[in-house]
Amino acid sequence: METVIRKIDENNIDINVIKEMAEKIKNGKTVIFPTETVYGLGADAMNEDATKKIYEAKGRPSDNPLIVHIADIKDVEKIALEIGEKAKIAMEKFWPGPLTIILKKKDIVPNVTSGGLETVAIRMPSNKIANALIKESKTQIAAPSANISGRPSPTKAEHVVKEMDGRVSGIIMGGDCNFGLESTVVDFTEEIPMILRPGSITKEMLEEVLGKVEIDPSLSKKEDNKKAKAPGMKYKHYSPNAQVYIVKGEENKVVKKMNELYLKNHAESKKTGIMCMHKDIDKFNCEKVIDLGETYEEVASNLFAALIKMDEYEMDIVYSVSFENYGVGQAIMNRLLKSAAYKVIDADETIL
Ligand code: TXA
Ligand code: MG
């Protein structure tokens, strides 16, 4: 498939490019566009044939539902059956932004979009390019992350082009995505809201306005993963070609352990990459060390791009430091554990 690729500056949007890409959406074609979280692979959410193309382009299992992106808060009423008080509060507080809400769906939402479920996931992105595209398309846009199923989600335009050129009808290159991890997905169909996928809108932030919020208990353990309430959380995900390991423990011991592991791999001619916080960048001695940033927000923003970079450097093995399971750390650890297929090394353990 020929892919039309156009660049846009979010702060100086060329409306002609938006029109060109919106025309594709109207015609049932696929367009990749930036959002504040990750790039999305979009098509008309109300057109069954169009949304089928999303699954094809990604190689995504058809029981994994898509998020419907809207540009106007009023559009929720078009697609959702019941909008409870708590959902309304969350929408008003966090939209536009990186929060996806799950509500009971109206029949107008095709089953292909909702993966056959009775519910629909809805999000109003804050990225101005995404907003302009949805408005100009005069519909709602279904969009999963713009990666091939199982790979890390793209947060940089170059990564999108490299992976998806030829697989979609259009790509809008719109710079880097600032949050870098996908939106927080919250189910509002029960009395107590439940986080099905952690993200930049944290449990603490949600509880401040909603009262008690639960987190899907199956997310924390590998054994329970198959029970995850968001279908997408069950699958292998965020995996670069390299084998990723998380090394946890006391800071100094982690550094020592990673350097030991590097020497062992080096002796076996395996290329080793390390991902750490900025302050520790000089403590490692291996082929490639990637600085994930100074704060957890920076780590969230850099994580997927770092995993993709490790593939570009053709690393065989990647070690990452561990993060506290609190605030944004919860979303970071969720993605990192999946990319590592839950392989965690304890810095106190002796290795052979
Ligand atoms: O930040 C984001 O959310 C990005 C950007 C492009 O908006 N999109 C994204 O979409 O991450 P995707 O398809 O990669 O992830 C959507 C997640 C999946 O885990 C899916 O199973 C879950 O949301 N989901 C969607 N609809 C659902 C529903 N009705 N019930 C439960 N989970 C649902
Ligand atoms: Mg995804």
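The largest cavity has a volume of about 40 Å³, where a cavity is a set of points, on a 1 Å grid over the protein atoms alone, at which a 1.4 Å probe fits but cannot get out, and a volume is the space filled by probe spheres set on the points, which are joined across faces, edges and corners. This is a predicted model, in which local features need pLDDT of at least 70 and side-chain atom pairs count only at pLDDT 80 or more, while totals for chains, interfaces and linings use all residues. Residues are numbered from 1 along each chain as its sequence is written, and side-chain values use heavy atoms, with hydrogens and water left out.

**Cavity**
- The residues that line the largest cavity include Thr184, Ile195, Lys203 and Gln330, where lining residues have an atom within 4 Å of a point.

**Pocket**
- The largest pocket, an open set of points with protein on both sides within 12 Å along at least five of seven lines, has a volume of about 740 Å³.
- Its lining is made up of 43 residues, and Arg60, Asn64, Pro65, Ile67 and Arg197 lie nearest the centre of the pocket.

**Cysteines**
- A search of the whole structure finds zero disulfides, a disulfide being a pair of cysteine sulfur atoms within 2.5 Å.
- Cys276 is in no disulfide, and the nearest cysteine sulfur, that of Cys286, is 9.0 Å away.
- Cys276 is buried at a relative accessible area of 0%, where buried means under 20% (1.4 Å probe, protein chains only).
- Cys177 also counts as buried, because its relative accessibility is 3%.

Note on methods
Chains are lettered from A and ligands numbered from 1 in the order in which they are written. Buried means under 20% relative accessible area, exposed over 50%, partly exposed in between (1.4 Å probe, protein chains only).
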